[in-house]
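This report describes the architecture and selected side-chain interactions of one protein chain. It is intended to be read alongside the sequence and the model.

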Amino acid sequence: MDSLDQLGVASSSHTYKQLKEKFVSNLLGTSMLEISAVCAIVPAFVALRQWGFLYRHCLKSYDRGKDMAIVNAVNGAPTWRSFLLVLVLDFLFVVVPTLACLTILADWIYVCTTFVLCLMGILFFSARGNSQSMDVSHNRGHLYKADQKMFISSYRFVMMLMTCISILAVDFPVYPRRYAKTETYGTGLMDVGVGSFVVANALVSRQARSLTPLKHGGVVRHASPLLLMGFTRLLLTKGIEYQEHVEEYGVHWNFFFTLAAVALLTSFIQIPCQYCGIFGILVLAVYQVVLLCGLNDYLTSSVRDSSIVSLNKEGIFSLFGYWGLYLVSVQLGHYLFYDSGKYFRRIKDDDSYKDTKAAQKRSAVEIWLLCAFLWVLSILLDTFVERVSRRMCNLAYAMFVLAINLQGMGILLLSDFVPVAKMLLVEEIFNQNLLAAFLLANILTGVVNLSIDTISTSNMMACLTLITYLLVLVSMMVVLKVSNLKFKFW
């Protein structure tokens with residue numbers, strides 16, 4: 001009798017696993033326009049919060065430069081209150097609206113995005129008009145030098161926030177199926193994730209900054225956390241029968257292995273920064289030709305033999321696309337932000353205020369022009385060459401990811417033209433530990449999926465669960481922040 005009961009439980013568990021896998025399989029995605037709208041509204045939330053007068057009022061009793069002192073302050077109650085108040089406001093004005101737009105407000109995303117961007121435009125020109133009468137040149141070092149990389153930090157935070165929300169929300173019906181990862185071709189919101197991680201790492205890489213590359217041992221050491229997490233995820237998913245979508249990367253491959261492999265490839269095949277763009281485009285172009293010559297049929301086929309390459313064909317062959325995307329992003333980061341005469345290099349102690357602002361304006365214009373070009377190119381490639389495919393990381397996907405990421409950076413870059421803008425506390429907390437944030441989000445996602453039946457959960461209960469999950473995640477990140485613990489890679 002006990003054996004029959006155990007068999008029944010195992011069968012039920014196996015059936016539930018199949019249901020959850022089916023829940024995220026065979027999806028077609030949505031339009032590029034809708035993905036653009038979703039990826040525009042979240043940076044806008046962050047920018048609006050950075051410009052908020054309420055936030056500046058709270059900062060009167062909270063010193064960002066001394067936030068770690070709150071732990072040891074004897075009479076630190078007011079500082080703690082300010083710290084928590086600012087964090088709560090960040091959560092309410094950035095995290096909660098983002099969650100809402102990805103779930104219950106998804107059907108009104110065009111209306112929401114239009115409204116938020118219009119509001120942002122009105123406040124931006126209003127703030128710009130008021131700042132013309134301010135004598136900020138004496139304080140330029142604080143306004144434009146200390147925070148010169150604020151928009152890149154904001155961009156990385158936005159990417160991580162949307163990722164942390166989506167990896168759990170996708171398991172609930174409240175998250176639109178069109179936002180989940182597509183099966184083969186198409187554009188879903190979650191398709192942007194892995195490509196955005198590659199772009200984000202490339203833009204601030206040592207190559208983009210023209211620094212001396214790490215030796216092979218150093219790169220292996222930096223990539224080891226990713227490899228460890230990749231093998232840990234592999235063992236756990238196989239060991240506890242956790243749901244997995246094999247067609248995404250393969251039987252054994254996963255997201256962490258892709259990031260680690262790109263890092264190792266970049267180290268072992270070192271290309272001078274000034275040639276990364278050309279070489280990256282060449283890699284993507286040749287890979288696209290090979291795809292059209294029959295590799296795409298092999299990668300989209302469900303037939304697999306027992307070889308390790310066949311079992312993980314999606315993850316292994318897509319590396320060529322991600323490597324090419326990384327190299328192109330290195331060139332863009334170097335040209336836009338670190339090259340002589342560009343954005344960050346232009347901002348020096350002996351620069352005049354006008355030179356500083358002129359460099360910022362040039363970078364903003366270049367980003368938006370390049371973004372427009374990449375959007376047009378993505379549409380043309382998707383229409384006339386091959387549809388966007390994250391599964392294969394083809395040329396259309398690489399250009400689509402670049403367009404989306406430059407769009408987000410372009411919106412966030414506007415904060416550099418608003419003198420009152422301040423980096424958010426929640427941004428600082430996450431940017432100090434992006435790797436830890438992603439790792440904790442994955443662990444919490446696994447705990448939630450093993451604890452409740454997500455696919456049968458009502459929308460209200462799903463939203464409450466997601467808010468609780470985000471509160472726990474932010475709280476854990478605060479603990480790492482005040483403990484001054486940092487986990488880094490790349």
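## Basis of the description

A polar contact is a pair of N or O atoms within 3.5 Å; within protein, one atom must be able to donate a hydrogen and the other to accept it. The model discussed here is predicted.

## Overall architecture

The protein contains 20 helices and zero strands. Of its 490 residues, 56% count as buried. Among contacts with a separation of 6 or more, 84% are between residues 24 or more positions apart.

Helix α2 covers residues 32-50, 19 residues in total. From its first C-alpha to its last it reaches 28 Å, which is close to the expected 27 Å. Because 18 of its 19 residues are buried, α2 is largely enclosed by the rest of the structure.

In soluble globular proteins, nonpolar side chains tend to be buried together. In this model the largest nonpolar core has 140 residues, and those with the most contacts inside it are Leu189, Phe337, Phe430, Tyr469 and Leu473. Helix α17 supplies the largest share of this core, 15 residues. Another core, of five residues, lies apart from it and includes Tyr287, Leu291, Leu295 and Met392.

Leaving out residues up to four places away in sequence, Leu189 touches Ile35, Val38, Cys39, Leu102, Met162, Ser166, Tyr175, Arg178 and Tyr179.

Thr113 lies in helix α5, residues 109-131. At 6% relative accessibility, Thr113 falls under the 20% limit and therefore counts as buried. When residues up to four places away in sequence are not counted, Thr113 touches Ala37, Ala40 and Ile41.

Two distances describe this contact region. The C-alpha atoms of Thr113 and Ile41 are 5.2 Å apart in space, although the two residues are 72 apart in sequence.

## Salt bridges

Side chains of opposite charge can pair when their charged atoms come close. The model has a count of eight salt bridges, taking a side-chain nitrogen of Lys or Arg within 4 Å of a carboxyl oxygen of Asp or Glu. One of them joins the side chains of Asp90 and Arg49, with an N to O distance of 2.8 Å. This pair links distant parts of the chain, with Asp90 in helix α4 (residues 77-102) and Arg49 in helix α2, 41 residues apart. Asp90 and Arg49 are both buried.

Another salt bridge is formed by Arg387 and Asp382, whose closest N and O atoms are 3.9 Å apart. Arg387 has a relative accessible area of 42%, so it is classed as partly exposed.

Arg390 is situated in the loop between α16 (353-384) and α17 (395-413). Its relative accessibility is 3%, and Arg390 therefore counts as buried. Which residues are in contact with Arg390, leaving aside its neighbours within four places in sequence? They are Lys181, Thr182, Thr184, Asp191, Val194, Glu248, Tyr322 and Tyr397.

With Asp191, Arg390 makes a side-chain polar contact of 2.8 Å. The two residues also form a salt bridge, in which the closest N and O atoms are 2.8 Å apart. The pair links distant parts of the chain: Arg390 is in the loop between α16 and α17, and Asp191 is in the loop between α7 (150-169) and α8 (192-203), 199 residues apart. Asp191, like Arg390, is buried.

## Cysteine residues

Cys393 is found in the loop between α16 and α17. Its phi is near 50°, a positive value in a residue other than glycine. Cys393 has 0% relative accessibility and so counts as buried. Cys371 is also buried, with a relative accessible area of 3%.

A disulfide is a covalent bond between the sulfur atoms of two cysteines. A search of the whole structure finds zero disulfides.

Definitions and conventions: Residues are numbered from 1 along each chain as its sequence is written. This is a predicted model: local features need pLDDT of at least 70, side-chain atom pairs count only at pLDDT 80 or more; totals for chains, interfaces and linings use all residues. Side-chain values use heavy atoms; hydrogens and water are left out. Helices (H or I, at least four residues) and strands (E, at least two) are DSSP runs, numbered from the N terminus. Buried means under 20% relative accessible area, exposed over 50%, partly exposed in between (1.4 Å probe, protein chains only). Contact means heavy atoms within 4.5 Å. The expected span of a helix is 1.5 Å times one less than its number of residues. A nonpolar core is a set of buried Ala, Val, Leu, Ile, Met, Phe, Trp, Tyr and Cys residues joined through side-chain atoms within 4.5 Å. A disulfide is a pair of cysteine sulfur atoms within 2.5 Å.
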